[in-house]
Amino acid sequence: MAEQDYILKVNDLKTYFKVGKKTVRAVNGVTFDVKRGKTLCIVGESGCGKSVSAHSVMQLLPVNGKIVDGSVELMTKDPETGEMRTIRLDQLPRSGKEMRQIRGKEIAMIFQDPMSSLNPVYTVGSQIMENLRNHEKISRKEGREKIIKLLAELGIPNPEIRYDQYPHEFSGGMKQRIMIAIAMICNPTMLIADEPTTALDVTIQAQILDLIRKMQREHGTSVILITHNMGIVAEIADEVAVMYMGRVVEFGTLKQIFTNPLHPYTKALMRSVPVLGMKKDEELATIEGSTPDASTVFNGCEFADRCEFATPECSKRFPVDTVMEDGHRVRCLLFEEGHPNAES
Ligand SMILES: Nc1ncnc2c1ncn2[C@@H]1O[C@H](COP(=O)(O)OP(=O)(O)OP(=O)(O)O)[C@@H](O)[C@H]1O
Ligand SMILES: [Mg+2]
């Protein structure tokens, strides 16, 4: 695939936190890419490093967190020459001008906890306006018109009145729409949505996902959607990255992951997806064991202890990524060439 078909490439990214004397390896070798105009879903259990991966891309890490290795490359148009170029986001100063320009204008993010990302003392309109005027030269009057138009597109009734109201006057689903408005007002090339619907009830969830898809269709936005919900993945993903303990253990197209999951962890995840027609009292399969503490040091595959296919070798040697013929990628010894159990 040609270089310009990619919008973002994350390669072997490692982000660690210092907590007292301990090092938490929250992201420990994450590799994925996002194609132009497409949706990548990142899935995996709580604590596997989904949010920290996203915050690393945006360079929005707390002071005890640091990218220690790997790279984050963003493909973007040079504003002067109009030519495509690659920027190494991980090498930009966190709060420098360039990174601030990229945040919001090139990559916008909807955070996992939207209720606390809105400022209660400002009207929602002024919070959207702030993002808009940070990135675009536009008068307040024109800005207001543009924002009201977007609020209407996002299905917010009486947008002229709602513009001047405060966050507490909005329901959860409506607040989430405001978060999408803040993210989309500058028409970013890429949107990162971190569990944008978990706090919402099912019908509102579906509406919010439809909105994200509509925005994507109309503006060609590339999307990274982080979720626990494999049902949402099935509906919205073009590609899927499955994370476990700070690593991407499998990466492939939606079809590859759903019809031919390779990694034992992905297989277990897929078994936990409710199937249409399943009886109410039929239990979902759960994955045996629990995720180890993120400061645990491993000598081999992190999933070995919970894996039904593990061999003694699995705990002694780190698997590397194996790329299958169709581009489907898996990090498991069982698929490495020369492994006695390969292909079994
Ligand atoms: N500021 C921090 N200091 C220390 N450890 C942190 C910090 N932020 C996250 N971690 C740890 O990094 C690991 C990855 O966290 P992350 O928030 O990325 O998980 P997640 O996959 O987004 O989980 P969830 O699905 O629950 O949102 C966890 O073990 C978490 O405890
Ligand atoms: Mg998270």
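**Reading the sheets and the ligand shell**

A: Let us begin with one pair of residues: Lys14 has Asp69, in S4, as its bridge partner. Please bear in mind that the model is predicted.

Q: What holds for the pairing of S1 and strand S4, and over how many bridges does it extend?

A: The general idea comes first. Strands of a sheet pair through backbone hydrogen bonds, and the pairing is either parallel or antiparallel. Here S1 and strand S4 (residues 65-77) are antiparallel partners, with 8 bridges between them.

Q: In what order do the 4 strands of the open sheet stand?

A: The order is S2-S1-S4-S5, and the pairing is antiparallel. Strand S2 (22-35) and strand S5 (84-88) are the edge strands; each has a single partner strand, so one side of each lacks a neighbour in the sheet. From one strand to the next, the twist averages 10°.

Q: Which strands of this sheet does H1 touch?

A: H1 packs on the sheet and touches S1, S2 and S4. The direction of H1 makes about 110° with that of S1.

Q: How is the open sheet of 8 strands arranged?

A: Reading across it gives S6-S7-S8-S3-S9-S10-S12-S11, and the pairing is mixed. The edges are formed by strand S6 (107-110) and strand S11 (321-323); each has a single partner strand, so each has one side without a neighbour in the sheet. On average, neighbouring strands of this sheet are turned by 20° against each other, direction ignored.

Q: How many bridges join S11 to strand S12?

A: There are 3 bridges between S11 and strand S12 (residues 329-331), and the two run antiparallel. Within S12, Val330 stands opposite Thr322.

Q: Which helices lie on this sheet, and on which strands?

A: H1 packs on this sheet, where its contacts are strand S3 (39-43), S6, strand S7 (190-194), strand S8 (222-226) and strand S9 (239-244). The direction of H1 makes about 150° with that of S6. Helix H8 (residues 202-219) lies across S3, S7 and S8, and runs at about 160° to S8.

Q: Turning to the ligand, which residues around ligand 1 come nearest?

A: There are 16 residues around ligand 1, and Ser46, Gly47, Lys50, Ser51 and Gln112 come nearest. By class, this shell has 7 nonpolar, 7 polar and 2 charged residues.

Q: Which polar atoms lie beside the oxygen and nitrogen atoms of ligand 1?

A: A polar backbone atom of Gly47 is 2.8 Å from an oxygen atom of ligand 1. For Cys48, a backbone N or O atom lies 3.3 Å from an oxygen atom of the ligand.

Q: What share of ligand 1 does the protein bury?

A: Ligand 1 exposes 640 Å² when taken alone, and the protein buries 71% of that. Strand S1 (6-19) and helix H1 (50-58) are the elements that give two or more residues to the shell. The largest share, 3 residues, comes from H1.

Definitions and conventions
Residues are numbered from 1 along each chain as its sequence is written. Chains are lettered from A and ligands numbered from 1 in the order in which they are written. This is a predicted model: local features need pLDDT of at least 70, side-chain atom pairs count only at pLDDT 80 or more; totals for chains, interfaces and linings use all residues. Side-chain values use heavy atoms; hydrogens and water are left out. A residue is near a molecule or strand if one of its heavy atoms lies within 4 Å of it. A polar contact is a pair of N or O atoms within 3.5 Å; within protein, one must be able to donate a hydrogen and the other to accept it, and residues adjacent in sequence count only if both atoms are side-chain atoms. Accessible areas come from the Shrake-Rupley method with a 1.4 Å probe; for residues, only the protein chains shown count as cover. Ala, Val, Leu, Ile, Met, Phe, Trp, Tyr, Cys and Pro count as nonpolar, Asp, Glu, Lys and Arg as charged, and the others, Gly among them, as polar. Two strands pair if DSSP finds at least two bridges between them. Axes are lines fitted to C-alpha atoms, for helices over the stretch in contact, and angles run from 0 to 180 degrees between N-to-C directions. Contact means heavy atoms within 4.5 Å.
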